[in-house]
Amino acid sequence: MKVVGKFEKVSLDEFTRAMKKYFGAQWTDEEIKEKYDQIKLPTRATRGSAGHDFYSPFYFWLPNWADIIIPTGIKVKIDDGWVLSCYPRSGNGMTHYLRIANTVGLIDSDYYNNPTNEGHIMIKLRKESDVKDTNFPTESVEFGAGDAFFQGVFTEYGVAQGEFVDKDRVGGFGSTGK
C-alpha cells in the first residue's frame, strides 16, 4: 500500500473562524474549543477499505431537502500527482439519500496550508428526499459528534502533455477561477 497523504487538524483559530462563519453565535468560544479538542483524524475502518472516514465534530440534524456546511477541522498534506476525492459513505447515500452538494469533492495537493483557510476541509451535505421508501424510511438524518459521515479516497491523476502551470492557490471553493 502506497502512503501519499497525512491528515492533520487545522489550528483552533481556523476552526473557530469557520464555525462562526457557518453557525454564527450558536456556540461559545469555549464550546467550540471543546469540539476542536474532540476532533478525530480520518481513518479507514478495515484493512481493505479505500475510504478514510471523516467524523463529525458536533451533533447535527438534517431534515428532508435541506443542506448544511460542516467544518471538519481537518486538512491533508498530499503528495504531488494525487488528490483526495470525497464521497458520501455508501450507507448514507443508500438509506438517507444524503449527497455531497458538489457531487464529488476534490481536495488538491496545493490546497494544504493555503493562506486563506489553512486547507480546512469543509463538506456541504444535502438531504435530497422525502420519499417513503419501504426499505429505507427517509424522514431526516442525524449524526452525533464523532460519527463517520463522509469518506475520502486518495486518487492518482495525470496531466496533459506540454502543460505548464505556475499559478499558486489562494483559497477554497472556486479559488482556481471560472
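Predicted model: local features only at pLDDT ≥ 70, side-chain atom pairs only at ≥ 80, totals over all residues.
## A buried glutamate and its partners

A polar contact is a pair of N or O atoms within 3.5 Å, where one atom must be able to donate a hydrogen and the other to accept it. The side chains of Glu 8 and Tyr 112 are joined by a polar contact of 2.9 Å. Glu 8 sits in strand S1, and its relative accessible area is 18%. Buried means under 20% relative accessible area, so Glu 8 counts as buried.

Glu 8 also has a charged partner: its side chain meets that of Lys 75 in a salt bridge, at 3.9 Å from N to O. Since Glu 8 belongs to strand S1 and Lys 75 to strand S5 (residues 74–78), the pair ties together parts that are 67 residues apart in sequence. Both Glu 8 and Lys 75 are buried. Leaving aside residues up to four places away in sequence, Glu 8 touches Leu 41, Gly 73, Ile 74, Lys 75 and Tyr 112.

## The overall layout

Stepping back, what does the secondary structure of the protein come to? There are three helices and 11 strands. Along the sequence they follow the pattern β-α-α-β-β-β-β-β-α-β-β-β-β-β.

The protein has 178 residues, and buried residues make up 42% of them. Among contacts with a separation of 6 or more, 77% are between residues 24 or more positions apart. The accessible surface comes to about 10300 Å², with 51% of this area belonging to carbon and sulfur atoms.

## The nonpolar core

The largest nonpolar core holds 35 residues. Which of them touch the most other members? They are Leu 84 and Leu 125.

The contacts of Leu 84 can be listed by residue, not counting those up to four places away in sequence. They include Phe 7, Phe 54, Val 76 and Ile 78.

## Helix H2 and its two sides

Helix H2 spans residues 29–37, and its buried residues are Ile 32, Lys 35 and Tyr 36. Seen down the axis of H2, these buried residues fall within an arc of 100°, so they line one face of the helix. On the other side of H2, Glu 30 and Glu 34 are exposed.

What covers the buried residues of H2? The cover includes strand S1 (5–9) and helix H1 (12–23).

Asp 67 is partly exposed at 37% relative accessibility, and Lys 124 is partly exposed at 30%.

Arg 126 forms a salt bridge with Asp 67 as well, and here the closest N and O atoms are 3.0 Å apart. Arg 126 is in strand S9 and Asp 67 in strand S4, so the two tie together parts that are 59 residues apart in sequence. At 25% relative accessibility, Arg 126 counts as partly exposed. Through shared partners, these salt bridges join Asp 67, Lys 124 and Arg 126 into one network.

## Two loop residues with positive phi

Most residues other than glycine have a negative phi. Trp 65 is not a glycine, yet has a positive phi of about 60°. Its place is in the loop between strand S3 (60–63) and strand S4 (66–71). Is Trp 65 buried or exposed? Trp 65 is exposed, with a relative accessible area of 56%.

Glu 118, also not a glycine, has a positive phi of about 65°. Glu 118 is found in the loop between strand S8 (105–108) and strand S9 (122–127). With a relative accessible area of 21%, Glu 118 is partly exposed.

Technical notes. Residues numbered from 1 in each chain as written. Heavy atoms only, no water. Buried < 20%, exposed > 50% of the residue type's maximum accessible area, 1.4 Å probe, protein only. Helix = DSSP H or I, 4+ residues; strand = E, 2+ residues; numbered from the N terminus. Arc of directions from axis to C-beta. Contact = heavy atoms within 4.5 Å. Core = buried A, V, L, I, M, F, W, Y, C linked by side-chain atoms within 4.5 Å. Areas by Shrake-Rupley, 256 points an atom, 1.4 Å probe, with all protein chains shown as cover. Salt bridge = Lys/Arg side-chain N within 4 Å of Asp/Glu carboxyl O.
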